[in-house]
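Let's take a quick walk through this fold.

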Amino acid sequence: MMFEEWRDIAGYENLYQVSNFGQVRHTQRIGKPIKQSMIRNGYMKLLLCKDNKTKTVMVHRLVALAFVENPENKAEVNHKDGNKKNNSVDNLEWMTRSENLKHRYQVLGQTNKRKAS
């Protein structure tokens, strides 16, 4: 059984935290996660605000940056099960573009009608 762990978001320390379950919260309002919205391609996003500037961020990237090691400095985050709403740390992994495309075709059986994650 995995327990929820919270870590500060890089660049937003003491303002926002991300959990290994794919939730994001404001440190001043602990207890209520920030509402996420889905963009057209199925990924979950939300807005972070710092110094009166807002930034749209992708939830899967926040989780991966905080919890998934990336020793080879790979650029893309892959959803192992293909579900872009499942941003739990155990469903995410770093990949290269070619590895991500290979996973999309060979593991998920998708065609080129959709973009890779």
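Predicted model: local features only at pLDDT ≥ 70, side-chain atom pairs only at ≥ 80, totals over all residues.

## The three-stranded sheet

Start with the open sheet, where three strands line up as β4-β5-β6 with antiparallel pairing. β4 and β6 (53–58) sit at the edges with a single partner strand each, so one side of each has no neighbour in the sheet.

Now look at where β5 (residues 44–50) meets β6: the two run antiparallel and are joined by six bridges. Along this pairing, C49 stands opposite T54 in β6.

## The helix across it

Helix α1 (residues 59–67) lies across β5 and β6, and runs at about 80° to β6.

One to pick out is V77, whose bridge partner in β8 is W94.

Which way do the side chains of β7 go? E76 and N78 point one way, V77 and H79 point the other way, and all of them are buried.

## A glutamine in a loop

Q36 is found in the loop between β3 (24–26) and β4 (37–38). Is Q36 buried or exposed? Its relative accessible area is 18%, and since buried means under 20%, Q36 counts as buried.

What does Q36 touch? Leaving aside residues up to four places away in sequence, the contacts are G22, Q23, V24, M44, K45, L46 and V59. With G22 there's a polar detail too: a polar atom of the Q36 side chain lies 2.9 Å from the backbone oxygen of G22.

Technical notes
Residues numbered from 1 in each chain as written. Heavy atoms only, no water. Buried < 20%, exposed > 50% of the residue type's maximum accessible area, 1.4 Å probe, protein only. Helix = DSSP H or I, 4+ residues; strand = E, 2+ residues; numbered from the N terminus. Pairing = 2+ DSSP bridges. Polar contact = N/O pair within 3.5 Å; in protein donor to acceptor, adjacent residues only side chain to side chain. Contact = heavy atoms within 4.5 Å. Axes fitted to C-alpha atoms, helices over the stretch in contact; angles between N-to-C directions.
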